[in-house]
Amino acid sequence: MDVGNIQLDPSHGMSSSPKNAQVEVIVVPFPCHSHLNQLLQLSCLISSSYNIPVHYATTATHLRQVKLRFSSETHLQNPNIHFHEFPTPPFLSPPPNPNSSSKFPSHLQPSFDASIQLRDPVADLLREISNTATRVVVIRDFLMAYVVQDIATIPNAESYIFSPVSAFNMSFRLLKDNKSFQSLDKLRGLSTIQGNKTPEIQKLFALQADFQSVAAGTIFNSCRSIEGTYLDLLEKEMSSRNKKLWAIGPLNSDTKGDKTKSKSQHRCLEWLDQQAPKSVLYVSFGTTTSMADEQIKELALGLEQSKHKFLWILRDADKGDIFVEDVERSPLPEGYVERVKEFGMVVRDWAPQVDILQHPSTGGFLSHCGWNSCLESITVGVPILAWPMHSDQPRNAFLVTDILKVGLAVTTWEQREQIVTSSNICGVIKMLMASREGEEIRRKVKEISRATYQAVKEGGVSRLELDSFITHITR
């Protein structure tokens, strides 16, 4: 089967080099870890499975960060992926404020605002590659529309939006206007979420607005077996504006941790090796959440009281520059680590989430419900205890608990400013890990996990949509 200048290789999808580098892809991520990571996963997938040159372009600091934390050294060494380090614009890198009433990571705003200074270096890279390629395809984060605006001046270039958030979140405006959804009271309540974004980040969103329409379509890190209803809604709306949509995820399924890393694996994986199958609750709130000392104490006691095995990644949110020296906070109750050592492990540094979730001993995930974390958990069949903090997380949590029914809510969004007590935390852990309701949730997430696994395999719905995207850009 011919697809442009790319031949179908029965051993691994479409492959062989494009003639004379006919098409080259430039990927422009937003400088926040989950955004950086998802677009690096996509870059690896396109460069390795389709043998297309991919240029991943970001600041030197953020490139170093995403490479350091990436799960697959092998993918990073693919000769078809090229990394471009732009000088890091100067920005303040203050510590997070764990006692803020809003959990939005406002301390990262200086690094977010600095991203707009990448316009000139990105434009230079665009012009350079457009001189030798027949077509330049730019895939950029939806928060980088301002930065890639000069694509309009390059005749052989075209751009596509990458959405690092769920289709459910992106389709919310359409859901509110759709009569078949208007009867869902909980859904209506979600539409008025307050406190999940700050005026400063809203201003950055507004800066992108004038340049979003240039894109020819949107790529979603999602799957129709997870979000078919909402992808269909978005596809219909985008088609009316002559825009295309591709749902190609979950991307994390193609970048599993390298077995070659086993000799230097994180110590928490060695601890997991000693635990019974599905017995451990993994606890992590991602890279942008910091909890108040009082809440950390209640969480610690809730985990202890549950008597269920747990692996807790206890870190403050990333700084804008993660390589700036940190001072570790130590808010755990006195003697805690010693008291729980028979059934719990507390990790204070970065840990490999994909490897932890894939581990046979992991039986649940207490999570902030960032979209990347949701996908990583659902893909491997691990149910979720949902505790959203900001941004798209409240809607992701609703999708997980009320629609997909692959998790339980730890607390409600309306009660976000209240301390969640140890007894409530203990109760919901027991419900997930040791009850009939938990068993049903486990069965449901396994069912969806199998469907997503099939979706990304050759011939699966997500892989076919990625094939369709490659066919489109190499036309």
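Is leucine 404 buried or exposed? I find leucine 404 buried, since its relative accessible area is 7% (buried means under 20%, exposed over 50%, partly exposed in between, with a 1.4 Å probe and protein chains only).

Note on the source: this is a predicted model, in which local features need pLDDT of at least 70 and side-chain atom pairs count only at pLDDT 80 or more, while totals for chains, interfaces and linings use all residues. Residues are numbered from 1 along each chain as its sequence is written, and side-chain values use heavy atoms, with hydrogens and water left out.

Entry, loop. I placed leucine 404 in the loop between helix 16 (393-403) and strand 16 (407-409); helices (H or I, at least four residues) and strands (E, at least two) are DSSP runs numbered from the N terminus.

I traced an open sheet of six strands, order 13-12-11-14-15-16, paired in parallel; two strands pair if DSSP finds at least two bridges between them. Strand 13 (344-347) and strand 16 are the edges with a single partner strand each, so one side of each has no neighbour in the sheet. On average, neighbouring strands of this sheet are turned by 15 degrees against each other, direction ignored. Between strand 14 (residues 362-367) and strand 15 (residues 384-386), which run parallel, I count three bridges. Leucine 366 is opposite leucine 385 of strand 15. Helix 16 lies across strand 15 and strand 16, at about 120 degrees to strand 16 (axes are lines fitted to C-alpha atoms, for helices over the stretch in contact, and angles run from 0 to 180 degrees between N-to-C directions).

Entry, voids. I searched for cavities (sets of 1 Å grid points, over the protein atoms alone, where a 1.4 Å probe fits but cannot get out; lining residues have an atom within 4 Å of a point). There are two of 30 Å³ or more. The largest has a volume of about 80 Å³, and among its 14 lining residues Pro31, Cys32, His33, Gln65 and Lys319 lie nearest its centre. Helix 2 (60-69) and helix 4 (109-114) each give at least two residues to that lining. The second largest cavity holds about 40 Å³, and its lining includes Arg140, Phe211 and Val214.

Conventions:
On a 1 Å grid over the protein atoms alone, a cavity is a set of points where a 1.4 Å probe fits but cannot get out, and a pocket is an open set with protein on both sides within 12 Å along at least five of seven lines; lining residues have an atom within 4 Å of a point. Grid points are joined across faces, edges and corners, and a volume is the space filled by probe spheres set on the points. Contact means heavy atoms within 4.5 Å.
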